[in-house]
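Here are some friendly notes to read beside the structure. Please keep the view open and follow the points in order.

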Amino acid sequence: MNVEEMKKAVAKEALNLIEDEMVIGLGTGSTTAYFIRYLGKLIMEGELEEVYGVPTSYQARLLALEAGVPVVSLDEVDAIDIAVDGADEVDPQMNLIKGRGAALTMEKIIEYRAGMFVVLVDETKLVEWLGQKMPVPIEVIPVAWRAIAEEIEVFNATAELRMAEKKDGPVVTDNGNFILDAKFHRIEDPLDLEIELNNIPGVVENGIFADIADLVLVGTKDGVKRMER
Ligand SMILES: O=C(CO)[C@H](O)[C@H](O)COP(=O)(O)O
């Protein structure tokens, strides 16, 4: 199985958790994109009824509309039954780094609120400790980016302003903010760092998702494996 097949396998596995009348948080990224497409297919075929998606980004919203998943926004629902999303790193305690797609703030709001948060990854995302491969994305108020980058150095880390690829200048998030990518040597205490980073004035949210995932479906060469609490 190659990485793309692993992503498809976990996306299909996650469909087993979906029932009629559920409100589903729809994550962002290439793995969740498979899930959204498969979900749309089940809805279009009449296999699932009265399910609604709450998108975590414009990407998720557009995909859901294209796939035939009815979308509602967070302020229209009383509760979110389940949220399904990808991740950039997963440690053995199921702490995550997310935000390569710059959607971390809405992702965290929706996933925190969900009755169950399911993470879909391929085995390349598994790490021994957070920060092993990926920087921590931090969404910041634009004018504060430099001040916050300097504050982050206190944590013995370096922060870079994320630049856009098909636009001149920095990436601007769905919320109109900038992203700093902060490289830490080794994150010993993810929950503590998550809280500390959010205490810096001007930080909107950061991409450490400590202690929030309920189930991680891992696509491996030998099939889908589960990590759960
Ligand atoms: O956090 C995210 C977007 O903000 C994504 O879920 C994360 O980057 C994983 O994406 P992919 O499934 O494409 O590897």
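**Notes for a first look**

1. A word on the model before we start. This is a predicted model, in which local features need pLDDT of at least 70, side-chain atom pairs count only at pLDDT 80 or more, and totals for chains, interfaces and linings use all residues. Residues are numbered from 1 along each chain as its sequence is written.

2. Let us begin with Glu 107. Leaving aside neighbours within four places in sequence, Glu 107 is in contact with Gly 27, Thr 28, Thr 56, Asp 85 and Lys 98 (contact means that C-beta atoms, placed from the backbone, lie within 7 Å). The UniProt record, an unreviewed entry, puts the feature "active site" at Glu 107; UniProt positions follow the numbering used here, feature names are shortened, and annotations may be inferred rather than shown by experiment.

3. Is Glu 107 buried or exposed? Glu 107 is buried, because 31 other C-beta atoms lie within 10 Å. The cut-offs are these: 20 or more other C-beta atoms within 10 Å of a residue's own make it buried, 12 or fewer make it exposed, and anything in between is partly exposed, with C-beta atoms placed from the backbone.

4. Glu 107 belongs to helix H4, residues 104-113. Helices (H or I, at least four residues) and strands (E, at least two) are DSSP runs, numbered from the N terminus. H4 is mostly covered, with seven of its ten residues buried. Among the buried residues of H4 are Leu 104, Met 106, Glu 107 and Ile 110.

5. Next, a helix pair. Helix H2 (residues 30-44) packs with helix H3 (residues 58-67) at an angle of about 25°, their axes 8 Å apart. Axes are lines fitted to C-alpha atoms, for helices over the stretch in contact, and angles run from 0 to 180 degrees between N-to-C directions. H2 is therefore roughly parallel to H3; angles under 35 degrees count as roughly parallel, over 145 as roughly antiparallel, 65 to 115 as roughly perpendicular and the rest as oblique.

6. On the H2 side, the residues making this contact include Ile 36 and Leu 39, and on the H3 side they include Leu 63 and Ala 64. By class, the contact of H2 with H3 has seven nonpolar, two polar and one charged residues. Here Ala, Val, Leu, Ile, Met, Phe, Trp, Tyr, Cys and Pro count as nonpolar, Asp, Glu, Lys and Arg as charged, and the others, Gly among them, as polar.

7. H2 also packs with helix H1 (residues 3-15), at an angle of about 45° and with axes 8 Å apart. H1 and H2 are therefore oblique to each other. Their contact includes Val 10 and Leu 15 of H1 and Tyr 34 and Phe 35 of H2. By class, it has nine nonpolar, two polar and three charged residues.

8. Now to a loop. Ala 87 sits between strand S3 (80-85) and strand S4 (89-90), and is buried, with 26 other C-beta atoms within 10 Å. Ala 87 and Val 119 are 32 residues apart in sequence, and their C-alpha atoms are 6.8 Å apart in space.

9. Finally, two backbone details. Most residues other than glycine have a negative phi. Met 94, in the loop between S4 and strand S5 (96-97), has a positive phi near 70°. Asp 211, in the loop between strand S11 (208-209) and strand S12 (215-220), has a positive phi of about 60°. Met 94 is buried, with 20 other C-beta atoms within 10 Å, whereas Asp 211 is partly exposed, with 13.

Note on methods: Two residues are in contact if their C-beta atoms, placed from the backbone, lie within 7 Å.
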